[in-house]
Amino acid sequence: YAEIVFRDQPQKLSQLGWGPRRDGSSLEAPGEVRDIRIVAEGHSWLTLQWNAPVDGGAVGSYKIQRQSKEADEWDDVGSSVDTAQTLSNQPRGIQLHYRVRAENKAGIGQPSATVTVVL
């Protein structure tokens with residue numbers, strides 16, 4: 001309400017602790033996730049850890065993807081707002097590749113390097 005009433009009087013907005021509207025900044029997709037690694041594993045689970053991108057826009061969340069040796073497509077198997085995630089009920093006895101992608105409202109960043117494991 002105050003912003004509308006005092007729109008043309010920036011000094012009054014300043015007295016309220018408000019400033020003029022800022023120009024909108026464009027949001028860009030995050031960069032590539034770095035240093036992905038498996039920090040723990042068990043019978044049918046593993047914990048992945050990685051470092052946030054150093055370039056691009058701010059990260060909203062991370063998408064964890066898995067691919068088996070026989071598959072061409074990457075499947076989404078988890079998501080996280082942190083830089084680590086434990087994945088349960090993973091297939092056993094086959095070679096699996098994992099990667100992580102950072103995402104935000106502007107888009108999805110480049111995939112990380114992959115890590116490979118046989119549980």
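Strands β1 and β2 run antiparallel and are joined by five bridges, where strands are DSSP runs of E of at least two residues, numbered from the N terminus, and two strands count as paired if DSSP finds at least two bridges between them. Within this pairing, R34 stands opposite N51 in β2. The model is predicted, so that local features need pLDDT of at least 70 and side-chain atom pairs count only at pLDDT 80 or more, while totals for chains, interfaces and linings use all residues. Residues are numbered from 1 along each chain as its sequence is written, and side-chain values use heavy atoms, with hydrogens and water left out.

An open sheet of three strands has the order β1-β2-β5, with antiparallel pairing, and its edge strands, β1 (34–41) and β5 (84–87), each pair on one side only.

| Pairing | Bridges | Opposite residues |
|---|---|---|
| β3 and β6 | eight bridges | S68 and L96 |
| β6 and β8 | four bridges | Y98 and V115 |

A hairpin through two residues joins β6 to β7. Of the ten residues in β6, nine are buried, meaning under 20% relative accessible area with a 1.4 Å probe, protein chains only.

I64 touches, among others, L48, W50 and V100, not counting residues up to four places away in sequence, contact meaning heavy atoms within 4.5 Å.

Technical notes: Buried < 20%, exposed > 50% of the residue type's maximum accessible area, 1.4 Å probe, protein only.
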